[in-house]
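Let us take a friendly walk through a protein model. Have a look at the sequence and the fold first, and then we will go through some parts together.

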Amino acid sequence: MESNRRVLIIGADGLRPDNVSRDITPTCWRLAQEGTLFSSFHSAYPSATRVCTSTLTTGTYPGRHGVFANRMRVAGFPLDEQWVQTGNDRHIRTFNESMNEPFLLQPTLGDRMQRNGKTLAVAASSSPGASFIWNMNVPGNVVNPSSDCEKPELAHKARKLGLPRKEDLSGNRDKVEWATKALIELLLPDPDYDCMVLWLNEPDTANHGHGLGSPQAIEALRLVDACVAEVLSAIDRLGLNDRLDLMLISDHGHSSVQKQKPLSEWLQQYESERGLSERWLTSDYYLYYQGEDVPDTAELQHLTDWLYAQDWCGLVFAHPDYANSLSGVISME
């Protein structure tokens, strides 16, 4: 590969391969037809956004990079009662400053590029934490409409682009279009950025809020496609067609259009049925025991059996210290 070639990664959060069609996403469909389609590309497990982003930026799975959920309970973390919200860049920065190990246990793509004299820049409409994960040690090269990482140079860049109004930041269209504009006006014209990431938080947000295949989800797909078309037009206008390698990727898909109540409500139901006091804290799909002593094996087996009796439960994983003594579980290792 020529040394002056550049790379652009466009990520559409939650985009399933079968969401790409000639009718709804004609630009993405054309890219798939004209380029190389990776048909055996799989998400990390668990397939949560920041888990997958950590895998993408480090090239390793959660067992090595250390991020196993969007929200994790970590003993000793000084904020939010020891809950680390990985979508919050302040939480990640606090983790790196106050804990005895880094938030990511493996170097990011930005770290590896920097070691080789190259530069990574990111424009994203995702949560600030998700964009920060790509290049934590060079936050000045990560632009996001929802955070400037307390960096004056980022605040200056955001003002130059014209930030969406605060009341619009809850709406995704403004953020998605702003991130696309940031890539086109700030990153693409600068030859010092050897690799660029444009991360769009659609169709993921629409899929979560309204369901796969809903009118809102289809509109989100059209929005993503329009942004990709804008980027391709800018690449052509800047004369970068022969000097830039483009990857269009996703981090995970969606498997259901039905909204389930959160795990915390199911555990409250379980404890109520058994007449138990609150013994478990939940986050995403994880259960944390909060009793003073270690959990009893018989109690864990009863809970495991109850989980498997629910029609929404697939597999149950357990801490390695308990996996061998419980029936039906898989060790989290």
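F317 has its place in strand β10, which covers residues 317–318. This is a predicted model, so please read every value below as computed from it.

Which strands form it, and in what order? There are 5 strands in an open sheet with parallel pairing, and the order is β5-β4-β6-β1-β7. At the edges stand β5 (142–143) and β7 (244–249); each has a single partner strand, so one side of each is left without a neighbour in the sheet.

| Strand pair | Sense | Bridges |
|---|---|---|
| β1 (residues 6–12) and β6 | parallel | 6 bridges |
| β4 (residues 120–124) and β6 | parallel | 5 bridges |
| β1 and β7 | parallel | 6 bridges |

Two helices pack on this sheet. Helix α8 (residues 172–187) touches β1, β4, β5 and β6, and its direction makes about 165° with that of β6. Helix α10 (residues 215–237) touches β1, β6 and β7, and its direction makes about 170° with that of β1.

Some residues let you follow the pairing yourself. Find I10: it stands opposite L198 in β6 and opposite L248 in β7. For A121, the bridge partner in β6 is M196.

Which way do its residues point? C195, V197 and W199 point one way, while M196, L198 and L200 point the other way. In β6, the residues pointing either way are all buried.

Finally, visit N207, which lies in helix α9 (residues 204–210). Its relative accessible area is 5%, so N207 counts as buried, a term that means under 20%. What does N207 touch beyond its neighbours up to four places away in sequence? Its contacts there are G14, L212, A217 and H254.

Note on methods. Residues are numbered from 1 along each chain as its sequence is written. This is a predicted model: local features need pLDDT of at least 70, side-chain atom pairs count only at pLDDT 80 or more; totals for chains, interfaces and linings use all residues. Side-chain values use heavy atoms; hydrogens and water are left out. Buried means under 20% relative accessible area, exposed over 50%, partly exposed in between (1.4 Å probe, protein chains only). Helices (H or I, at least four residues) and strands (E, at least two) are DSSP runs, numbered from the N terminus. Two strands pair if DSSP finds at least two bridges between them. Contact means heavy atoms within 4.5 Å. Axes are lines fitted to C-alpha atoms, for helices over the stretch in contact, and angles run from 0 to 180 degrees between N-to-C directions.
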